[in-house]
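Colleague: I'm new to this one. Could you walk me through how to read its pocket and ligand?

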Amino acid sequence: MMLRRVSPLSKLISAAKPSLLLNQVAYGLSFMEAFSTDALKPAEAGTVSKARTPIINFVLGGPGVGKGTQCTRIAETFGFTHLSVGDLLRKEISSNTEYGAMILETITKGKIVASEVTVKLLKTAIESNETDRFLIDGFPRSEENRVAYEQIIGIEPEVVLFFDCDEEEMLKRVLHRNQGRVDDNIDTTMQRLRVFEAYTLPVIRYYSRKGKLHKINAIGTEDEIFERVKPIFAT
Ligand SMILES: Nc1ncnc2c1ncn2[C@@H]1O[C@H](COP(=O)(O)OP(=O)(O)O)[C@@H](O)[C@H]1O
Ligand SMILES: O=c1ccn([C@@H]2O[C@H](COP(=O)(O)OP(=O)(O)O)[C@@H](O)[C@H]2O)c(=O)[nH]1
Ligand SMILES: [Mg+2]
């Protein structure tokens, strides 16, 4: 499957900093460190404590593409529980938990939070929710996230949606979002676009190779886009 290249924003924004890519690693813990902690004991690997194995779908796409907007509609229409991993992280910040300060710093920089933290939050959210059909919005954002998910939760996603649109439109949508988010500014969004390209596109390619990827053209009205999504879940 061909993934359409998004147009560079360099013409639009001269302050793009592609060299930041080289420093783009998960905050704090390295991959190996993540796998040496109590949270990842082998006996617990790849399981969730639930009466029935839940159905999991992943929803991916760049910043501001409309993942959350479409997830709300998919969840309402097709009976899924919508879990935005970004929202789970923002809750940690507002509740001032042990991870709060680290998460705030990572989100402000537009980087990816250590998989250990994210997957733990996701696992708790899945286990504590009574339903068993989930849309996981904005995760996995890197191959490291994906592997950690497989180790700790281990439920193969049925569908992976990829909302695709050009960078200029994504930036425009982020800057009009108006939710008071610390990362909704030009510099962080430029960084997030580079992180998306370097770290999330490989995850998208992985699921494309597995035949699970549904690529949706995310240009158009919310209604038009939802019409493109519906057939995937209507079958
Ligand atoms: N199809 C669309 N066209 C224009 N704006 C949109 C569209 N879908 C969503 N938006 C707006 O773009 C912004 C980002 O949408 P959101 O769902 O938060 O995206 P994401 O979760 O991918 O970052 C929001 O202000 C939302 O209202
Ligand atoms: O699995 C995740 C999901 C989110 N984030 C962080 O949370 C921010 C916001 O994510 P969200 O999905 O809310 O943003 P959106 O793409 O919807 O604008 C990201 O830039 C990351 O810093 C993360 O580290 N891992
Ligand atoms: Mg979102």
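Colleague: Which elements each supply at least two residues of the lining of the largest pocket?

Modeller: Some ground rules: this is a predicted model, where local features need pLDDT of at least 70, side-chain atom pairs count only at pLDDT 80 or more, and totals for chains, interfaces and linings use all residues. Residues are numbered from 1 along each chain as its sequence is written, chains are lettered from A and ligands numbered from 1 in the order written, and side-chain values use heavy atoms, leaving out hydrogens and water.

Modeller: On a 1 Å grid over the protein atoms alone, a pocket is an open set of points where a 1.4 Å probe fits, with protein on both sides within 12 Å along at least five of seven lines; lining residues have an atom within 4 Å of a point. Helices (H or I, at least four residues) and strands (E, at least two) are DSSP runs, numbered from the N terminus. Here, the elements are β1 (55-61), α2, β2 (81-84), α3 (85-94), α7 (167-175), α8 (186-209) and α9. The largest share, five residues, comes from α3.

Colleague: What takes up space in the largest pocket?

Modeller: A molecule sits in a pocket if more than half of its atoms lie within 2 Å of its grid points. In this model, the space taken by ligand 1 is the largest pocket.

Colleague: Which polar side-chain atom lies 2.5 Å from an oxygen atom of ligand 1?

Modeller: A polar contact is a pair of N or O atoms within 3.5 Å. That side-chain atom belongs to T69. Polar backbone atoms also take part: K67 has one 2.8 Å from a ligand 1 oxygen, and G68 has one at 3.0 Å.

Terms used
Polar contact = N/O pair within 3.5 Å; in protein donor to acceptor, adjacent residues only side chain to side chain.
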